Amino acid sequence: MLDFAGTPGTLTGLVLRVLQCAFAAGAVASMATSVGFYNFTAFCYVIASMGLQLTWSFMLALLDAYALLRKKMLHNPILVSLFVVGDWVTATLSLAAASASGGVAVLFFSDLGRCSFGDECRNFQISVVLAFLSWITIAISALIMLWILAAV
């Protein structure tokens, strides 16, 4: 009953974690390569939040890979509880960071009509999109973990 797509120790669970890492790393890289990101608190928050997301997802991707290699199920109630809390905390932080940065990006491009930062504007937009993609994948994982916790 607990063996469905996205659960820890399955290939789809590993794919979700790898996608979370990739999107978070892309968001950090895109924002960090912009010279003036530190002038905006929301953009600094994206780097901090996505850095936490990257670390959390990478550690769980390693754990998923280990479980796949050893053919073990990671459905221990204490371990699943830890996954639920970690996923929900990082999902909340990721959504807040992506939304705040998205608001700043909308201010530049829609409300002001243009962005006066040149090529950095494209990096800001790419980082916001990747942050939202990272949030979507962590939200899927968080819902799956909550479902597993309810079933365990």
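Biologist: Is Phe37 buried or exposed?

Modeller: This is a predicted model, in which local features need pLDDT of at least 70, side-chain atom pairs count only at pLDDT 80 or more, and totals for chains, interfaces and linings use all residues. Residues are numbered from 1 along each chain as its sequence is written, and side-chain values use heavy atoms, with hydrogens and water left out. Buried means under 20% relative accessible area, exposed over 50% and partly exposed in between (1.4 Å probe, protein chains only). Phe37 has a relative accessible area of 17%, so Phe37 is buried.

Biologist: How do the rings of Phe37 and Tyr38 pair, and what is the angle of their planes?

Modeller: Rings of Phe, Tyr and Trp (its six-membered ring) pair if their centres lie within 6.5 Å; planes under 30 degrees apart are stacked, over 60 edge-to-face and the rest tilted. The centres of Phe37 and Tyr38 are 6.0 Å apart, so with planes at 75° the pair is edge-to-face, at 75°.

Biologist: Is Tyr38 buried or exposed?

Modeller: The relative accessibility of Tyr38 is 52%. Tyr38 therefore counts as exposed.

Biologist: Which residues form one aromatic cluster?

Modeller: Phe40 and Phe124 form an edge-to-face pair, 6.4 Å centre to centre with 75° between the planes. Phe124 is buried at 0% relative accessible area, and Phe40 is buried at 18%. The cluster consists of Phe40, Phe43 and Phe124.

Biologist: Which residues does Phe83 touch, not counting residues up to four places away in sequence?

Modeller: Contact means heavy atoms within 4.5 Å. With those sequence neighbours left out, Phe83 touches Pro8, Trp56, Leu60, Leu63, Leu74 and Met145.
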